[in-house]
Amino acid sequence: MSSTRHAVSCSAALAAVLEWFPAIDGHVSVHRFWPADLLFVFDSRAKCDILLAADPFDGRDFSLRFGVWNRQLQATRRTMHYRVHLEVVGVPAVAWNLATASMILGSSAWVERLGTETASREDMGSFRITAWTDDPASIPKTKEIWVAEPLIFGEEDDDLLLSVEALIPEEVALLGHEATVHLVRVEDPVGVAGGPSPGDDRGDDRGGSGGFGRPRDDGGARPPRRDPPGPDRDARPPVARWLGA
């Protein structure tokens, strides 16, 4: 969208579009969007195609042209080859959820799921996570988990009709919990490391002892190494790098 004004409202843009294309009235909504100016959301592909086939046209002090939204717009791609099984000790019961797993790992890994017994709270002896990473050595070995205490309000907290200001707490208190991350097992399904992944021989809580819980039909041989280590690349196995060995 181009405009001689600083900004064009969603309602003005929608009004201009409906003036030219009344058939889409009731089938589209308009939203502010970055990095494009506006995002038009349709309830059917047929209505969307009407605008996509249109030439750029002018409204009041602005012009509009349309294209398909791309989910890869302004995004960067990251491929994670290692599937890791982790056990975290020290997670408080009030933080026993998937959000805590994501907070512990941060950008080092993408959380696939919690362990079955962890998710059901059947076994709260350790907090089990299955995740994907491009470098097991980047997974933190310890993490401090901060949990907010119940909020404290002012002296008017017994009043049923509180002012907006009274709803703002006087302070926020946090309790810190030191969590220790244990790397139990690393799966290298595409053979990036060029050899079997070290670790213990226990399967995850769904059964099986490696891979994805399914047998390989290649007689147990690893696939060819897809990305061999170069002179500047650490060729140690993933667990050795994580342990600093």
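Analyst: Glu187 counts as buried in this predicted model, because its relative accessibility is 5%, under the 20% limit. Its side chain meets that of Arg83 in a salt bridge, with N and O 3.4 Å apart. Arg83 is likewise buried, at a relative accessible area of 1%. The pair links distant parts of the chain, since Glu187 belongs to strand S10 and Arg83 to strand S6, 104 residues apart.

Glu87 counts as buried at 17% relative accessibility, whereas Arg128, at 27%, counts as partly exposed.

A search of the whole structure finds six salt bridges. One of them has a local setting: Arg45 and Asp49 both lie in helix H2 (residues 45-52), four residues apart, or about one turn of the helix. Their closest N and O atoms are 2.8 Å apart. Arg45 is exposed, with a relative accessible area of 58%, and Asp49 is partly exposed at 33%.

The whole structure holds two aromatic pairs. The ring centres of Phe40 and Phe66 are 5.4 Å apart and their planes stand at 85°, so the pair is edge-to-face. Phe40 sits in strand S3 (residues 38-42) and Phe66 in the loop between strand S5 (62-64) and strand S6 (82-89), 26 residues apart. Phe40 counts as buried at 15% relative accessibility, while Phe66 counts as partly exposed at 22%. Trp96 and Phe127 form an edge-to-face pair too, with 5.0 Å from centre to centre and 85° between the planes. Here Trp96 lies in the loop between S6 and helix H3 (98-105), and Phe127 in strand S8 (residues 127-133), 31 residues apart. Both Trp96 and Phe127 are buried.

The loop between S5 and S6 also contains Arg78, which is partly exposed with a relative accessible area of 43%. Leaving aside residues up to four places away in sequence, Arg78 touches Ser107, Ser108 and Asp134. The C-alpha atoms of Arg78 and Asp134 are 8.1 Å apart, although the residues are 56 apart in sequence.

Arg121, in the loop between helix H4 (116-119) and S8, has a positive phi of about 65° although it is not a glycine. Lys141 is placed in the loop between S8 and strand S9 (142-148), and its C-alpha atom is 8.4 Å from that of Leu183, 42 residues away along the chain.

On the surface, Trp146, Leu151, Val172 and Leu174 form a nonpolar patch with about 420 Å² of accessible area together.

As to confidence, the chain averages a pLDDT of 77, and 69% of the residues score at least 70. Over residues 194-231 the pLDDT is below 50, and this stretch has 62 contacts in the model beyond near neighbours in sequence.

Notes: Residues are numbered from 1 along each chain as its sequence is written. This is a predicted model: local features need pLDDT of at least 70, side-chain atom pairs count only at pLDDT 80 or more; totals for chains, interfaces and linings use all residues. Side-chain values use heavy atoms; hydrogens and water are left out. Rings of Phe, Tyr and Trp (its six-membered ring) pair if their centres lie within 6.5 Å; planes under 30 degrees apart count as stacked, over 60 as edge-to-face and the rest as tilted. Helices (H or I, at least four residues) and strands (E, at least two) are DSSP runs, numbered from the N terminus. Buried means under 20% relative accessible area, exposed over 50%, partly exposed in between (1.4 Å probe, protein chains only). pLDDT is the predictor's confidence in each residue, from 0 to 100. Contact means heavy atoms within 4.5 Å. Patches are made of residues with over 30% relative accessible area and no salt bridge: like charges are joined within 9 Å, nonpolar side chains (Val, Leu, Ile, Met, Phe, Trp, Tyr) within 5 Å. Accessible areas come from the Shrake-Rupley method with a 1.4 Å probe; for residues, only the protein chains shown count as cover. A salt bridge is a side-chain nitrogen of Lys or Arg within 4 Å of a carboxyl oxygen of Asp or Glu.
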